[in-house]
Amino acid sequence: MITKTGIYVHIPFCESKCFYCNFVSGNYSDKIKEKYIQTLFNEIETIKDKRTIYSIFIGGGTPSVLNSRLIVNLLEKIRSNFNISKNAEITIECNPNSLNYQKLKAYKKAGINRISIGIQSLDDGVLKLIGRRHNKSRAIQAIKMAKDVGFNNINVDLLIGITKNKTIDGDVLFLKKLGVTHISAYMLILEKDTALFEKVKNGTVKLLSEDESIEQYNEYLKTLRKYGFKRYEISNFCLKGCECKHNINYWECGEYYGFGVSAHSYIDGVRYFNSNNILEYIENFNNKTYEKLTDKEKIEELLMLGLRMTKGVKLTSLNQLGYRILENKNALKMLSLNLIKTNTQRLYITYKNFGIENQIILKLI
Amino acid sequence: MFNLCIISSMDRQERIRNFCIIAHIDHGKSTLADRLIEKTGTVSKREMSDQLLDSMDIEKERGITIKLTPTRMFYNYKGEEYILNLIDTPGHVDFTYEVSRSLVACEGALLIVDASQGVEAQTLANTYLALDNNLEILPVINKIDLPSARPEEVKKEIEDVIGLPADDAPLISAKEGINIDQVLMQIIEKIPHPKGSEQKPLKALIFDSFYDNFKGAISLVRIFDGEVKVGTKIKMMETGKTYEVTEVGVFTPSMKPVEVLQAGDVGYIAGSIKNVADTKVGDTITLAENGAKEPLPGYKSVQPVVFCGIFLADGSKFNDLKDALEKLKLNDASLVFSPEVSKALGYGFRCGFLGLLHMEIITERLEREFNLEIITTAPGVNYNVYKTNGDMVEVTNPANLPKPEEIERFEEPICKLHIYTPPEYVGSIMELCKEKRGEFIDMQYLDKMRVKMDYKMPLNEMIYDFFDALKSRTRGYASLDYEIAGYEPSDLIKLDILLNGEICDALSLIVHRDFAYQKGRSIVEKLKNVIPRQMFTIPIQASIGNKIIARETISALRKDVLAKCYGGDITRKRKLLEKQKEGKKRMRQIGSVELPSEAFMSILKIDYDN
């Protein structure tokens with residue numbers, strides 16, 4: 001299997017914690033930030049592998065809260081240790097509040113060619129409810145600045161399932177006009193140990209019901225398609241040619257290096273990940289958890305991830321691991337029911353059945 | 001023990017007292033037994049674990065005694081040494097016959113009554129059993145240490161309700177060890193000693209039996225006449241089988257071999273007997289040659305009255321289930337089972353039990369002691385089905401019913417209920433009995449506090465959740481006893497449950513025609529709540545023949561996984577997936593529908609309170 005290798009760098013810093021967030025992130029002192037970046041550099045240096053890198057993703061947290069000089073240095077560090085493909089997709093995650101022209105220009109100069117902005121919503125009420133610090137106008141301004149600086153590949157994140165939204169059509173059209181090329185629209189998952197979970201539990205916040213969320217999701221699907229944002233993965237939509245290469249690599253079970261606290265790597269069939277405690281990571285970034293995947297687990301991941309994409313999972317990849325779709329009774333049944341389909345190369349879930357991907361996978365594994 | 005005669009001129013049998021304890025659940029039978037054992041020094045304090053006689057875990061947890069463990073105790077009273085044999089008895093209606101055999105083995109009984117709760121149905125039923133067997137009954141009022149104790153009123157209740165003088169009943173607290181001496185004194189002074197003949201041929205009553213891995217089936221016996229020792233050739237009078245005795249002994253309460261068991265003694269007999277089914281409770285053991293002509297009276301072959309299918313949640317371990325049932329059967333002759341195949345649940349067994357409690361105990365032991373995850377189908381009874389061609393078939397599994405057009409009529413087992421309740425609940429009990437097809441027979445005010453209600457009711461209605469419903473509607477005050485009272489004609493029909501249009505055989509029930517709609521309705525509602533949403537819309541229907549009488553729909557799953565999934569989420573997601581897959585294994589696939597194990601249980605208990 002030919003896979004392209006990607007790099008993920010985790011920047012766990014944020015101005016504040018959003019109410020729904022259970023990521024490793026937070027507001028830390030400058031001293032810790034500096035130490036963290038230094039550790040990150042040390043960790044990157046340990047990898048002597050000279051394979052070509054096709055995508056870099058600087059995520060978080062909020063990488064844009066850092067001084068842009070640190071981001072520039074980070075990319076330099078990566079370039080000095082890896083062979084970066086000329087057409088590599090290099091993404092940085094930003095939030096509207098921390099972006100400015102100076103940072104954006106620096107990113108551009110450093111070779112970053114994709115900006116991902118966590119705007120989450122264009123409704124100030126929603127933004128407040130979920131603990132975001134920015135408002136609608138700030139979000140718009142951020143997109144405009146990125147566009148001004150010359151970024152032609154801009155993603156925005158949208159959260160679905162919070163409160164009713166009567167302006168979905170207007171929102172999507174507006175985002176498109178601003179120059180947004182990619183939209184990650186995902187359903188809010190109420191995770192335990194988040195502020196929002198507590199608020200819902202004690203009744204101070206009321207979210208949409210499951211059925212209402214589905215309805216809203218379906219309206220987004222319809223609207224996004226109407227404006228040319230094609231769904232290529234369960235939660236990802238883009239204009240033609242603007243798919244996120246880095247993420248596709250995950251869904252195709254490609255290889256990747258992950259650097260930073262809690263970052264996961266998958267190299268040569270082994271998944272390993274760093275501690276999710278910043279201080280522990282700084283103290284000893286080599287303290288990693290390793291997990292060698294069995295063929296059975298590889299098959300599970302191929303299906304679990306590959307079927308997230310509308311194009312589906314490669315049949316040859318499954319075959320190589322000994323999984324033959326036509327020998328699976330459940331698969332045959334679902335094929336006959338049109339829940340899944342195959343073409344010459346791939347097995348995929350039919351469009352309207354994405355909502356039950358999990359059930360379909362459970363039947364397949 | 002056999003050199004006691006040297007000390008004084010008293011006859012050996014005059015020193016023996018055989019007695020049992022009658023008590024309602026929770027009234028303190030096991031605790032008093034423990035105190036007696038402690039007081040007589042039979043077991044040192046160090047060895048005492050609470051409720052010594054209840055040996056199975058389940059018994060300890062539920063505080064009920066199912067299996068009886070007899071105990072021999074020594075006690076010195078007025079300069080003479082006595083042997084007290086305590087035969088513990090089960091405290092549940094399912095085991096009435098076992099209780100009656102234990103009573104026969106005794107000359108007297110302690111009747112424990114809770115000082116605050118008074119006389120309860122179960123106590124009363126067993127007391128009557130004891131009176132029928134001419135036992136000397138000694139009332140004992142327990143839990144006098146509780147603030148709510150009302151011993152004088154309870155004494156009066158014993159006199160009024162049971163008709164026993166209770167004036168000098170010991171007022172005790174088994175828990176606190178208060179007045180235990182008085183109990184021992186009364187046992188010796190009031191309970192008659194055995195009066196058997198050592199010269200006559202052996203007559204020993206089997207009042208219990210169990211299987212020992214080394215010694216084979218062990219009979220717990222009361223010797224009425226004659227004697228038995230190692231080498232004696234014995235005969236079981238019911239089965240006619242003969243054995244050579246390999247060991248005789250007594251319970252201390254652990255097994256202790258002795259040289260001989262003689263008239264009046266309580267102990268055990270082992271004889272390399274392979275199967276507990278050959279040591280039938282109630283049977284008489286005599287000598288193989290020149291034995292007794294007549295057995296002791298009262299033997300009854302025990303018939304299971306409640307039946308259900310037992311299947312494995314994970315269908316693959318059929319042989320494990322078979323082994324487990326066989327092992328349980330070793331110690332429980334009343335458990336019967338035969339293989340059964342269900343379209344929905346695969347291979348399993350149809351099992352017969354003495355009652356619902358017995359069924360619960362067996363299923364719980366299968367899960368706990370044998371680590372099996374089992375699915376039980378709704379419990380049912382044995383129906384007599386008369387066919388149009390004149391044949392009669394006995395049906396315990398609704399799936400085995402003849403076709404409707406071949407059925408001429410049904411007969412179902414009926415039981416007689418005796419309910420004891422404070423008067424204020426009479427109304428709601430009548431209502432409950434009516435819902436359960438009960439037929440009123442009689443009602444008696446025993447005193448101001450207590451009413452006795454007699455009903456006739458189909459056993460099938462009684463076994464579902466009658467006891468729970470009775471308890472909940474009377475806030476726990478009513479108590480219940482029942483006996484099987486033959487078969488009666490009944491207008492019954494088969495109620496099928498369809499999932500996605502297919503009949504699920506494991507969910508079929510035999511119900512009375514008048515209640516079919518109500519039952520069908522509540523079952524589909526229950527199922528709607530326990531079956532998770534799946535890929536498709538699932539209709540759940542109840543039908544009689546081809547007629548659909550109730551319907552619910554489970555709408556299809558829609559939001560399942562619309563969240564994001566990137567590099568850092570993969571391991572966690574895969575593990576979650578594997579866990580879900582594991583959960584799926586425990587689901588039964590019925591056609592295209594996945595049914596969780598709880599679905600089969602949920603229909604057992606239909607809520608009539610709403």
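A strand here is a DSSP run of E residues, at least two long, numbered from the N terminus. With that in hand, take Ser490(B): it sits in strand β25 of chain B, which covers residues 479–490.

Chain A first. Chain A contains 14 helices and 15 strands. It has 365 residues, and 59% of them count as buried. Its accessible surface is about 16100 Å², with 50% belonging to carbon and sulfur atoms. Looking at contacts between residues at least 6 apart in sequence, 70% join residues at least 24 apart.

Now the confidence values. The model has an ipTM of 0.88 and a pTM of 0.61. For chain B the mean pLDDT is 85, and 90% of the residues reach 70 or more. In residues 1–7 of chain B, pLDDT stays under 50, and the model has twelve contacts for them beyond four places in sequence. Residues 62–66 of chain B are also below 50, with 20 contacts beyond near neighbours in sequence. Where pLDDT is low, the predicted coordinates should not be read in detail.

Next, the interface. On the chain B side, 29 residues are in contact with 43 residues of chain A. The buried area between the two chains is about 3600 Å², and carbon and sulfur atoms give 58% of that. The interface has eleven residue pairs in polar contact and six salt bridges. Which helix gives the largest share of the side of chain B that touches chain A? That is helix α13, residues 570–585 of chain B, with eleven residues. One salt bridge joins Glu301(A) to Arg574(B), where the closest N and O atoms are 2.5 Å apart.

Across all chains, the search finds 52 salt bridges. I will show three within chain B. Lys155(B) and Glu152(B) form one, at 3.7 Å from N to O. Both residues lie in helix α6, residues 151–162 of chain B, three residues apart, which is about one turn of the helix. Lys155(B) counts as buried because its relative accessibility is 11%, under the 20% cut-off. Glu152(B), at 54%, is exposed.

The second pairs Lys175(B) with Glu176(B), at 4.0 Å from N to O. Lys175(B) is exposed at 61%, and Glu176(B) is partly exposed at 48%.

Lys229(B) is partly exposed at 37%, and so is Glu227(B) at 31%. Elsewhere, salt bridges that share partners make one network of Arg271(A), Glu291(A), Lys296(A), Glu297(A), Glu300(A), Glu301(A), Arg574(B), Lys575(B) and Glu578(B).

Is Ser490(B) buried or exposed? It is buried, because its relative accessible area is 15%. Leaving out residues up to four places away in sequence, Ser490(B) touches Phe410(B), Glu411(B), Glu412(B), Arg437(B) and His512(B).

Last, Phe311(B), in strand β16, residues 306–312 of chain B. Phe311(B) is buried, with 1% relative accessibility.

Technical notes:
Residues are numbered from 1 along each chain as its sequence is written. Chains are lettered from A and ligands numbered from 1 in the order in which they are written. This is a predicted model: local features need pLDDT of at least 70, side-chain atom pairs count only at pLDDT 80 or more; totals for chains, interfaces and linings use all residues. Side-chain values use heavy atoms; hydrogens and water are left out. Helices (H or I, at least four residues) and strands (E, at least two) are DSSP runs, numbered from the N terminus. Buried means under 20% relative accessible area, exposed over 50%, partly exposed in between (1.4 Å probe, protein chains only). Contact means heavy atoms within 4.5 Å. Accessible areas come from the Shrake-Rupley method with a 1.4 Å probe; for residues, only the protein chains shown count as cover. pLDDT is the predictor's confidence in each residue, from 0 to 100. Buried area is the accessible area (1.4 Å probe) that two parts lose on being put together, summed over both. A salt bridge is a side-chain nitrogen of Lys or Arg within 4 Å of a carboxyl oxygen of Asp or Glu. A polar contact is a pair of N or O atoms within 3.5 Å; within protein, one must be able to donate a hydrogen and the other to accept it, and residues adjacent in sequence count only if both atoms are side-chain atoms.
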